[in-house]
Amino acid sequence: MSDEPRPPRGRVAASAVTTSAGLAVLVAVGTLMHQTVLVPPLAATTAIVTATPDSPLAQPRHVLGGHLLSCLVCFAALALGFHGPWAAVVACGIASALVLLLKAAHPPALATAVMIMLTDPPPGHFVPLLAAGAVLLVVVQMVSARLRGEVYPTSWW
């Protein structure tokens with residue numbers, strides 16, 4: 001049995017509702033745009049942002065910076081002709097180092113890196129949708145926190 005205290009009951013309920021709301025917004029936007037906005041790494045981002053909103057990993061700098069820096073690394077690798085699982089391994093390692101160096105670590109962003117390297121999506125569609133999705137999740141958490149009288153984000157930069 002872990003000595004870690006259970007989260008307050010209100011936090012659990014708020015996390016469940018906010019996670020569902022955030023993902024519903026992504027599905028709605030995706031439906032309106034006829035694009036897949038519900039990128040799997042954003043589901044993991046939602047979990048971090050809603051369940052641990054005070055965590056540095058849940059702050060906008062990390063959420064947006066982590067995903068976009070990972071995109072930068074991967075689309076650069078793809079442009080240089082690197083593709084496939086082995087290229088994903090290297091790109092993910094480089095993205096991991098870059099987000100740590102720039103203080104924008106966000107673990108789901110590494111899933112974004114792997115996904116990009118394995119699927120080679122068109123950057124003109126993928127990057128704006130990923131960025132919009134990440135922003136929408138931050139905004140949904142901001143609204144949820146305000147409704148509960150909590151503070152999110154705890155830092156922007």
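**Close-up views of a predicted helical protein chain**

**View 1. Leu 32 sits in helix α1, which spans residues 9-33.** Helices here are DSSP runs of H or I with at least four residues, strands are runs of E with at least two, and both are numbered from the N terminus. This is a predicted model, where local features need pLDDT of at least 70, side-chain atom pairs count only at pLDDT 80 or more, and totals for chains, interfaces and linings use all residues. Residues are numbered from 1 along each chain as its sequence is written, and side-chain values use heavy atoms, leaving out hydrogens and water. Is Leu 32 buried or exposed? Leu 32 is exposed, because its relative accessible area is 71%. The classes are buried (under 20% relative accessible area), exposed (over 50%) and partly exposed (in between), with a 1.4 Å probe and protein chains only. From Leu 32 to Met 115, the C-alpha atoms are 23 Å apart in space. In sequence, these two residues are 83 residues apart.

**View 2. His 67 belongs to helix α3, residues 60-79.** His 67 counts as buried because its relative accessibility is 1%. Which residues does His 67 touch, leaving aside those up to four places away in sequence? They are Pro 41, Leu 42, Thr 45, His 62, His 106, Pro 108, Ala 109, Thr 112 and Leu 130. A contact means heavy atoms within 4.5 Å.

**View 3. Ser 144 lies in helix α6, residues 123-147.** Ser 144 has 11% relative accessibility, so this residue counts as buried. Its side chain makes a polar contact with the side chain of Arg 148, at 2.2 Å. A polar contact is a pair of N or O atoms within 3.5 Å; within protein, one must be able to donate a hydrogen and the other to accept it, and residues adjacent in sequence count only if both atoms are side-chain atoms.

View 4. From the N terminus, the order is α-α-α-α-α-α. Buried residues make up 41% of the 157 residues. Among contacts with a separation of 6 or more, 76% join residues 24 or more positions apart. The C-alpha atoms fill a box of roughly 50 × 40 × 30 Å along the principal axes.
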